[in-house]
Amino acid sequence: MTYIAKPKFHHPGLKKNELGYTHRDYEGKISTLCAGCGHDSITASIIEACYELSIEPHRVAKISGIGCSSKTPDYFLGNSHGFNSVHGRMPSVLTGANLANRDLIYLGVSGDGDSASIGFGQFAHSIRRGVNMTYIVENNGVYGLTKGQFSATADRGSKSKKGVTNTDNPIDLVAIALQLGATFVARSFSGDKSQLVPLIAAAIGHKGASFIDVISPCIAFNNHAGSTKSFDYVREHNDAVNRLDVLVGRDPIAVDYAPGTVQVVEQHDGSRIALRKIDADYDPHDRLGAMTFLQKHAAKGQIVTGLLYVDPDAEDMHEHLNTVEAPLNSLEADSLCPGSAVLDKFNASLR
Amino acid sequence: MKPTDIAAPDYFHKVVDCQWACPAHTPVPEYIRLIAQGRYSDAYMINWKSNVFPGILGRTCDRPCEPACRRGRVEETPVAICRLKRVAADFKDDIRQRLPRPAPKNGKRVALVGGGPASLTVARDLAPLGYHCTVFDADPEAGGMMRTQIPKFRLPNSVIDEETGYILGLGVDFKGGHRIDSMKALLAEKYDAIFVGSGAPRGRELDIPGRKEAAGNIHIGIEWLANVSFGHVDKIGKRVIVLGGGNTAMDCCRTARRLGGEKVTVIVRSGFEEMKASPWEKEDAIHEDIPILNYMVPVAFKQVAGKLIGVTFQHVKAEYDAKGRRNLVPSGDPDQTIPCDDVLVAVGQENAFPWIEQDCGIEFDKWHMPKVDPKTFASTNPKVFFGGDAAFGPKNIIWAVAHGHDAALSIHKMLSGEDISERPLPEVQISSQKMGIHEWSYDNDISVDKRYKVPHRDKIVALKDIRAEVELGYDVKLALGEAHRCLNCDVQTVFSTSLCIECDACVDICPMDCITFTANGEESDLRQRLKAPSLHPDQDLYVSGDLKTGRVMVKDEDVCLHCGLCAERCPTGAWDMQKYLIEMTHAGSTCPTKSRSAA
């Protein structure tokens, strides 16, 4: 970690967003993670995405569990709400918070240990319920805080820093999220911000369960030759199916794409995603196709990245449950306790 | 772009903006760090070696370093470099033991004409090498214009005495009250070399109607200042007009305020903004209730029977022609006569060499200036060198010092039988500042303090005593605060292409968004693709070799805070913070060979 605070000065030519903030205004405290950690790049990408979307920091709730990844909410959006829950319980806390106040933007930040091991069940249920959130897994394949044991997402056959081969099968969180009905599913790489930043921005704009698996090399324990989550390995095996631009407001879509290569997805919040296809056959609206594509490429040792599946008409948990629209903390006594006449009517309906 | 050659001494020198801008290339951040550590004597000696007159320059320098200071591009105001120099001089211990000892004479004799900063610098460099240096000056004491033209309320005699004394104490022969009025006669005395540092001693005239008739109340600025300095003049009329907008005009008006001038007005031809005077000198004048009127051209001195009663001015305005040149044209407003008792004319200075005969082998150009080589300071007579204002017209003390160093080097080389046109490279040291994983041997925590004001003497007291120094200088606490504002630009960010794994950690942490990883391209193209806009194309881009992904690292040096966070967050040590110390070669320093020692 670094002893000094990041200097307050910023570049005098820094652009400001619609709210008059620079990207520096979306920072948090200085990172205490190891130098070079991929998680810091994800932190920077979240900062960039929120800056570009001109999000008011007080409208964001960032919730995390335990682990290196779950420490990162301290390093971005220093003026947002935060909750650092117990290990693996981020999805439940987030679900609860979302039920109480659907007006906030929910950022769930977790890691491969937090979501694929101790919190695997929590992860599964928040996805299947369709909680409106952006669920980011910072996936490095090792337990960094306990000095580098394989995590549940480590590939079978990959090697630890000390040379031990992993004999367990890996959990592919993207495949599970697809299977459990997530309505926005993506994978990216901490070393590729040009792909990751618009993915995060698009996920925030999506109404429903958005899941992003970000491969994030652990410099201290998982960036060596036998690793499948090292900078070099991911760069060599990265198979991006598409790139995207997030368009906010009424700006026309840039026309410098070759015809037929751009697919526009309208989002609930009015933003649009311009998807530039790299793999011409890949259809991000086909859940089954995505699952097959993923399995096929995984078998070949390729890491599929990009926006893998999106359902622009998704519904979220509140629609399923028919809950009240207003945040619970804004409900006054007369609506919480509407009186004996209403109670009588209600009781009568049950007779 | 090609990978940046950081072994070229100039590359990192340019990053140290202040040192690069200083004519004498004083290692500014190095001495500011020493001040922060309370090592005032060490800080003083660094200055003494480089600019010879730290106490004098710490009060009077034109400070080309400050507009260049990187801090001025990061926030509103640069570091008060000049006044920190004074701190080193004010708080140092007795440094006489650290000065060179008078050396055994080597038998070579050098004559120095004029006892100002240029000549004294030459003597300072040559005397310790054994040269017999003789300084001639028409005034009884050494210092030249530093003593005669700069008012005592800005620069007390004690400071001049001390710092000229250090030089004369090296065994330099000072012949005061000895005006050289014939170059031929001087050449006949068979000196091995002659250095002319006689300044720009003549104040420019203002030949408009009434000048002759009212001569008794019209004074040439620098002559009048010299007369005040020597005590020949001790009063002036109640209403004074100062004509001219340079630093001499500022000294004139402030001096007049102290000699009985109650209503002192500075009047300039051009606009207020274009005045040659340093902004802080204008501020000081205005603070002493001296209005500065602009766009007024003097057309006549009004007099009644030889008694000056006022000056008539034409009002003008600035117009720009197609080429962007400015012309002052009449504004159409009626002429205005401003009543006054005395006028001080400070409209410029000129060189004058009536004492150099035509047949001395010294050629002059069409502006009557000697032909001087700008690198070696040699004239067309190989034994005669020029420096300071005498070489290229009026500049300021720090330029005279820089000229003096170069001329001394030329004289030393010539008298050692070497080719004076071969200039030795500066000596460069570069060393890592890493002390531990997150510890550096310099203070990398960036202070956000605004520039500290230098305390001034109370105005009423200051205006009563012409010898009372107005600026009191920083105290230790203020100096420490100001020293912390320095960004340590000499602690360089050094990048090793082969170690980089492109993890982006440096990009993410850099508070100034200086670092970009992108595809290589031409400089103009790269500047368009930086993470933060390139605001100053004169500031270099530091470009790495090709990285594994085929991209390059590009760092815009412009607003780097040298906080070292890139190096702290780098997992492989591809970034390192290395202190770069460049020292200009002076006469007698061991000249490094052509092989460079950087990085």
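At what angle do helix 14 and helix 15 of chain B pack, and how far apart are their axes?

**View 1. Helix 14 packs with helix 15 in chain B of a predicted model.** Helix 14 (residues 247–258) and helix 15 (residues 279–287) of chain B pack at about 20°, their axes 10 Å apart. That makes the two helices of chain B roughly parallel (an angle under 35 degrees). Helix 14 of chain B passes helix 15 of chain B in a left-handed crossing (the near helix is turned anticlockwise from the far one by less than a right angle). Axes are lines fitted to C-alpha atoms over the stretch in contact, with angles from 0 to 180 degrees between N-to-C directions.

**View 2. Residues of the contact between helix 14 and helix 15 of chain B.** Helix 14 of chain B contributes B:N247, B:M250, B:C253 and B:R254. Helix 15 of chain B contributes B:E281, B:K282, B:D284 and B:A285. Residues are in contact if their C-beta atoms, placed from the backbone, lie within 7 Å.

**View 3. The setting in chain B.** Chain B has 22 helices and 24 strands (DSSP runs: H or I, at least four residues; E, at least two; numbered from the N terminus). The C-alpha trace of chain B spans about 90 × 65 × 50 Å along its principal axes. Among contacts in chain B between residues at least 6 apart in sequence, 73% join residues at least 24 apart.

Residues are numbered from 1 along each chain as its sequence is written, and chains are lettered from A in the order in which they are written. In this predicted model, local features need pLDDT of at least 70, side-chain atom pairs count only at pLDDT 80 or more, and totals for chains, interfaces and linings use all residues.

Note on methods:
Parallel < 35°, antiparallel > 145°, perpendicular 65-115°, else oblique. Contact = placed C-beta atoms within 7 Å.
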